[in-house]
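Subject: Structure for your files

Dear colleague,

Please find the structure below. My notes on it follow.

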Amino acid sequence: MSDIIVAEGLAKHYGKVTALDGVDLRVPAGTVLGLLGPNGAGKTTTVRILTTLLRPDAGHASVAGHDVGREPGAVRKIIGLSGQYAAVDEHLTGRENLEMVGRLYHLGAKPARERAGELLERFALSDAADRVTKTYSGGMRRRLDLAASLVARPQVIFLDEPTTGLDPRSRLGMWDVIRELVREGSTLLLTTQYLEEADALADDIAIIDRGKVIANGTADELKAQVGGERVELTVADRSELAKAAGALRRVAAAEPVVDEDSHLVTVQVTGGTRALVEVVRELDTAGVEAQDLALRRPTLDEVFLSLTGHAADEE
Amino acid sequence: MSVPYAVADAAVITRRHLRHTTRIPELLFFSIMQPIIFILLFTVVFANAIKIPGMDYKNYMMPAIFVQTMAFATAGTSVGLADDLHKGLIDRFRSLPMTRSAVLVGRLVAEAARNTLTLLIMIAAGYAVGFRFQNGVASAIGGILLLIAFAFAFSSIGTVIGLGVKSVEAANMAGMIWIFPLTFLSNGFVTMNSLPGWLQQVVRYSPVTTMNDALRAMFYGHGRAVATPALQSVAWIVGITLVFLLLGVRQYKKAASR
């Protein structure tokens, strides 16, 4: 499969601050790359360079074979960008916004009007189509912004934190829309600070931290990199936590992690279900009663923590 | 990018801004009230305060009020662009395969339309308090066109400010703060002779002074022959527009929203 997005050694500095420190990315046609990282990691800067909004200090990038620095016009014709903030004109109606974008893609008046109608329908905005977008909810504005990025049926779509600031219901709605784009065969680069979002939507994940890609692969590969499964144990009473941790320590591959608030002990184990049997035996011996006990694979949170030494939501 | 696209793209943006005018009635209301207030305030308060040899003071300063109000076009443009930048709209436009100059040119054309409306309202308000064109229809129209072009030039200064500052508030201040000194340090509200000698040397060449002289000649047949100040004004207008529009487009190409 050919790579539609290629970035090599992208670097960007603002004065003494290094925003990007040599970012390499490859996105094969028809796949979704999730660029995952905390605030300030360099996700938006990467997207801005790939969408011709910003020139890198070093390195180069191309989209569908067009160099973003030398042929920005050719790149702009085949990409759609939906930024971090819903960039819609609040004094125009939803329909007018989409028609305007269609005209600026040089679709012509009639096709622009028809395309606007199609997208409004598809994004469940038909009822609100002729209201000024100032009256829209946050989720509606985001959907309109995403619709605007799809007006010219772009080969490559960039979504910069498409669900940041949305309530959970709107977020799930947005996920459905994104999944549908993927089914239609679009190539997508999506940035997010939510690990479960990358897990749910992306084929490949690149983890970016402090301007560098520190790991990439499928979600499964990244989880395997952290190794083993986790046993999660919940006890009824907080006073039991220490005893439970002690019991688990005897079968653990690493030091148990105790969360006092949710009465939860997590421990990394090897050996799958056999380890679970041992856990039950140890708990029995120690006289700890488990309220809930589960064996699960590591989350991307744990991947992130083990790769960077800090959690994804910390700077 | 070809010329037809440059025109078509700018036209799309112009339409966007003209729609705004009807969507934000309170803005339209205040942009109509402000010039009326200016006219009434200046004429009522200052009408008898200052004596100008050979001329009614109301008529003397009326062109200066027009020029000053048109100069305030700078702030409108800079605030509007700063707002677009802040809301991410400039990013959106820059990611589209549209002409690079269209976002600025389209806005300036829409603002020229709004400024024309403002000017016509001011002239009507002026007529209500005794202002009259005294030099024929042709030169009155010439003067009005000169004022609209002057506002266009000052709007183009606003593009550089709006895309250069960090916030909408700063864009408002930076678009406005130098307008009063610029317009008052001229022969707009007092005669040239009443200014300190050293200041006269500077003020003589200011675009505001050349505009005041040109308009007085065009509206009343007053003072210097019309050709010299009119040509000087046109030179200022063309020069300012070219320089600042080029700077503005350059800034647009590398604009970053935050």
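Asp259(A) stands opposite Leu264(A) in S13(A). Helices and strands here are DSSP runs numbered from the N terminus, with at least four residues (H or I) for a helix and at least two (E) for a strand. This is a predicted model, in which local features need pLDDT of at least 70 and side-chain atom pairs count only at pLDDT 80 or more, while totals for chains, interfaces and linings use all residues. Residues are numbered from 1 along each chain as its sequence is written, and chains are lettered from A and ligands numbered from 1 in the order in which they are written.

Strand S12 (residues 257–259) of chain A runs antiparallel to S13(A), with three bridges between them; two strands pair if DSSP finds at least two bridges between them. Four residues separate S12(A) and S13(A) in a hairpin, and His263(A) in the turn has a positive phi of about 55°. S13(A) is also joined by six bridges to strand S11 (residues 229–235) of chain A, again antiparallel. There, Thr234(A) stands opposite Leu264(A). S13(A) itself spans residues 264–269, and five of its six residues are buried (20 or more other C-beta atoms within 10 Å of the residue's own, with C-beta atoms placed from the backbone).

Chain A overall

Chain A has 11 helices and 14 strands. Of its 315 residues, 46% count as buried. Its C-alpha atoms fill a box of roughly 75 × 45 × 40 Å along the principal axes.

A helix pair in chain A

Helix H3 (residues 94–104) and helix H4 (residues 109–122) of chain A have axes that come within 8 Å and cross at roughly 135° (axes are lines fitted to C-alpha atoms over the stretch in contact, and angles run from 0 to 180 degrees between N-to-C directions). H3(A) is therefore oblique to H4(A), oblique being what remains after angles under 35 degrees (roughly parallel), over 145 (roughly antiparallel) and 65 to 115 (roughly perpendicular). Residues making the contact include Leu98(A) of H3(A) and Leu119(A) of H4(A); contact requires C-beta atoms, placed from the backbone, within 7 Å.

Nonpolar cores

The largest nonpolar core has 87 residues, and Val67(B), Met70(B) and Phe150(B) have the most contacts inside it. A core is a set of buried Ala, Val, Leu, Ile, Met, Phe, Trp, Tyr and Cys residues joined through C-beta atoms within 7 Å. Helix H7 (residues 137–164) of chain B gives the largest share of this core, 11 residues. A second, separate core has 48 residues, among them Leu10(A) and Ile79(A).

Regards

Conventions:
Buried ≥ 20, exposed ≤ 12 C-beta atoms within 10 Å, placed from the backbone. Contact = placed C-beta atoms within 7 Å.
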